[in-house]
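I opened this entry to record what I looked up in a predicted model.

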Amino acid sequence: MVKKASLAAKGRECQDAGELQIGIKNKGVSALNFIISNSYAEMSVKAAHFVAAALKAKPDIVLGLPTGSTPIGMYQELVRMHKEEGLDFSQVSTFNLDEYRGLKGDHNQSYRYFMETNLFRHVNIKPENINFLSGVAKDPVAECKRYEEAIIKAGGIDLMILGIGINGHIGFNEPASKLEANSHIVKLTESTIKANARFFEHLEDVPREAITMGVGSILRSRNIILLASGTNKKEAVYGSMSGLVTTEIPGSLLQLHNEVTFFLDTEAAAKIKE
Ligand code: GLP
């Protein structure tokens, strides 16, 4: 009961994305919005409709994009809206959050390949508007600088879409006593390597390093949404909304931003509802 009351003070539960658009316009103080859906499918559709509304409002929108299993349903709905309703990606620019180190873009486990198969090749986005951190850059420091400069040149990210790791990571910003603000190379934690092993044939095949936007690169986005589904995300979601900010739960830093909305299913929301 106490938890519920304290959470209510930190966030605003919205019934649907329509209410959210209004809520965002009227909101002046920092507080996370959250929308809880009954299923993964419903959550995915609501998130996709939020993205589509933002795209229609600004056809040349700059999007920050996540990978992982969570956003797949949202990408499917965006593809459906493109094919059946003419949702137009022709002026959209994208910046993906992260990439494994050592994997070329055409490797079937690279995040670039994931984006091609789940979104890019099914919509009318222009290849020159797709931006990625290279996992095989010879000079990773220069690569990170190039990426940050490209984001600035594009006018900054309008809408950043995030997933969250079981340990609370966003992008590949792993829990630590200090976090890097800008794009950087990161060593993956054992728990992330294990969690992501399901996509690889062997645990040993999972890259041990990644290149990722920093928490500053993420927080500089004008608007942020985060999608989380399933019981194994309930602690990370709770830790990211509890009112306390810690680099040991990178998602909690989102509470420092003024325009953040969590799209959750009931399982991921279970602890904030307790
Ligand atoms: C990866 C990605 C994150 C993603 C997270 C959750 O490690 N770097 O950006 O949010 O996993 O993935 P999933 O949605 O598969 O649980």
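For the lining classes I counted Ala, Val, Leu, Ile, Met, Phe, Trp, Tyr, Cys and Pro as nonpolar, Asp, Glu, Lys and Arg as charged, and the others, Gly among them, as polar. On that basis, I recorded 15 nonpolar, 18 polar and three charged residues in the lining of the largest pocket.

Entry on the pocket. I noted a volume of about 660 Å³ for the largest pocket. Its lining comprises 36 residues, and those closest to the pocket centre are Thr-67, Gly-68, Ser-69, Asn-196 and Arg-198. I then looked up which elements give two or more residues to this lining, and found strand S5 (98-100), helix H5 (111-118) and helix H7 (190-196).

Entry on the sheet. I traced an open, antiparallel sheet of three strands in the order S5-S9-S8. S5 and strand S8 (184-187) are the edge strands, each pairing on one side only. From one strand to the next I noted an average twist of 25°. S8 and strand S9 (residues 209-212) run antiparallel and are joined by four bridges. I also located Ile-185, which stands opposite Ile-211 in S9.

Entry on the helices. At what angle do the axes of helix H4 (residues 72-85) and H5 cross? I found a crossing at roughly 40°, with the axes coming within 10 Å. H4 is therefore oblique to H5. H4 contributes Ile-72, Tyr-75 and Val-79 to the contact, and H5 contributes Phe-114, Met-115 and Asn-118.

Conventions. Residues are numbered from 1 along each chain as its sequence is written. This is a predicted model: local features need pLDDT of at least 70, side-chain atom pairs count only at pLDDT 80 or more; totals for chains, interfaces and linings use all residues. Side-chain values use heavy atoms; hydrogens and water are left out. On a 1 Å grid over the protein atoms alone, a cavity is a set of points where a 1.4 Å probe fits but cannot get out, and a pocket is an open set with protein on both sides within 12 Å along at least five of seven lines; lining residues have an atom within 4 Å of a point. Grid points are joined across faces, edges and corners, and a volume is the space filled by probe spheres set on the points. Two strands pair if DSSP finds at least two bridges between them. Axes are lines fitted to C-alpha atoms, for helices over the stretch in contact, and angles run from 0 to 180 degrees between N-to-C directions. Angles under 35 degrees count as roughly parallel, over 145 as roughly antiparallel, 65 to 115 as roughly perpendicular and the rest as oblique. Contact means heavy atoms within 4.5 Å.
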